[in-house]
Amino acid sequence: MELTFGSAATKIIGSTGFSSLTIGDGTMILVACVLLYLAIWKKFEPLLLLPIGFGCLLANLPLSMMASTDSGGLLNFFYQGVKHEILPPLVFLGVGALTDFGPLLANPSTLLLGAAAQIGVYTTLVGAVFLGFDLKEASAIGIIGGADGPTSIFIASKLAPHLLAPIAVAAYSYMSLVPLIQPPIMRWLTTAEERKIKMEQLKPISQTVKIIFPIVVTIVCCLMLPGVTPLLGMLMLGNLFRESGVTARLHETAETHLINIVTILLALAVGSSMTADSFLRLETIKIIILGLLAFCMATAGGVIFAKIMSKLSGGKINPLIGSAGVSAVPMAARVSQRVGAEEDQTNFLLMHAMGPNVAGVIGSAVAAGVFISLFGDPTGGSTHAEVATNLISTMSASLK
Amino acid sequence: MDSMVITSLTVSLIAILVIFTVLVILIYTIKLLVHFIPYEEPPTQKSTSAALPKTSPSSVSPDIISAITAVMATHLGKSPQEFHINQINPK
């Protein structure tokens, strides 16, 4: 094969990404740079937004074969972990290993606050339907109000995979903005007197109860809502590693190395799904607006319900802990502590807020289970054999 | 559109009821667990010597003390003057 200087130069120029760069790609590269800026310089949820932003950057470099849809590309393999619902449950395994359910067990009525905060999910569901989304899409958008990234990704990949990218970005962006979104709503809905309420010290809990709790939750919740078993089952397994005291090595791995590795894979996979085709649409703007509504309504729902509980208990509950029902562990609990301390420096709400906070994780998983029961296939759609066959055929195609 | 909104409202209502039902079941399960398995203070760490009933060497026959001292000295390879038996705990 003979190459003249001119033809070689033309061929090299034609093979560069610049030759195929579209306005859409350029815009998405800008979006990726904004996400990287927010992660690195503004420190908005950097552990997630940084790999998501970089995944987005890689996916939008023309001819790089790094988009989630590029069969045989590196990030396409990572994306199989999202598509087949492997990575979000593994994140939950790590979350379970990191979570202490002690404050929840000491004050079980705070589980109701985790349920009340799910009101954000349902008001957003109605809002999404009003804006023209169908019920499956609206459910996937609504779950942003659960303030739980893995659950949002899990539900989006199951019910509305074409909306995965904007839903994941909205969920994680607003989670990072919890310290900005929640305080004005909390102050608006509570009086200074209510914010000053000091709560009784939590009672210690038997280690046996802490061990039995994840087993009981798995049996009760997964029997009632089988669709949520991958998420809740893994969450509780991680917690059992922590509390059993006999699996120190597994516990350590789950709460450190495993969750870190899975976070990298998950965030890159989500970033790789942010292509111009899937992201630069009117729906994305709608989802971003609905996501904000979801967070605001979830915060308001939790605080209002906590106010009711406060009244019924004779002022024993500080309504500020209600906002922690939106999951987002432990950031939402820290916000409750901070807003409470603004009124009274000697008021320590953090441990009290951890109860509704971890209840929010269970609540959002249960809300996801309800959606799967109503709109999804609780058995997961495809069998493991089908998943394996698909993976093998994808790998074979890439090798050819 | 109207029917979709009504359907979404119905879905929301049912879902909230299910969530509250599941979580109320969990609340009562936790209350039962905590009721039947109450927290117990972990036993305070006591030194072995404090936990064992003390027996004054003087209450034991001097012959027995001599015999034990001799056996210990042989076992430890030390002179009987190098150690002192403080207490003997009979079974």
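Q: What makes two residues count as being in contact?
A: Two residues are in contact if their C-beta atoms, placed from the backbone, lie within 7 Å. Leaving aside its neighbours within four places in sequence, Met331(A) is in contact with Val178(A) and Pro179(A). Computed along the chain is one thing and through space another: Met331(A) and Val178(A) are 153 residues apart in sequence, but 7.3 Å apart from C-alpha to C-alpha. The model is a predicted one, in which local features need pLDDT of at least 70, side-chain atom pairs count only at pLDDT 80 or more, and totals for chains, interfaces and linings use all residues.
A: A residue is buried if 20 or more other C-beta atoms lie within 10 Å of its own, exposed if 12 or fewer, and partly exposed in between. Because Met331(A) has 19 C-beta neighbours inside 10 Å, Met331(A) counts as partly exposed, and its place is in helix 19 of chain A. Helices (H or I, at least four residues) and strands (E, at least two) are DSSP runs, numbered from the N terminus.

Q: Which residues of helix 19 of chain A are buried, and what do they pack against?
A: The buried residues in helix 19 of chain A are Ala332(A), Ala333(A), Val335(A), Ser336(A), Gln337(A), Val339(A) and Gly340(A). They pack against helix 12 (178–189), helix 13 (192–195) and helix 20 (350–375) of chain A.

Q: How do helix 8 and helix 9 of chain A pack?
A: Two packed helices are described by the angle between their axes and the distance between the axes. Here helix 8 (residues 119–130) and helix 9 (residues 135–142) of chain A pack at an angle of about 140°, with their axes 8 Å apart. That angle makes helix 8 of chain A oblique to helix 9 of chain A, since angles under 35 degrees count as roughly parallel, over 145 as roughly antiparallel, 65 to 115 as roughly perpendicular and the rest as oblique. The residues of this contact divide into eight nonpolar, three polar and one charged, where Ala, Val, Leu, Ile, Met, Phe, Trp, Tyr, Cys and Pro count as nonpolar, Asp, Glu, Lys and Arg as charged, and the others, Gly among them, as polar.

Q: How many residues does each chain bring to the contact between chain B and chain A?
A: The contact takes 26 residues from chain B and 33 residues from chain A, and on the side of chain B that touches chain A there are 20 nonpolar, four polar and two charged residues. Chain B has three helices and zero strands, and buried residues make up 11% of its 91 residues.

Methods: Residues are numbered from 1 along each chain as its sequence is written. Chains are lettered from A and ligands numbered from 1 in the order in which they are written. Axes are lines fitted to C-alpha atoms, for helices over the stretch in contact, and angles run from 0 to 180 degrees between N-to-C directions.
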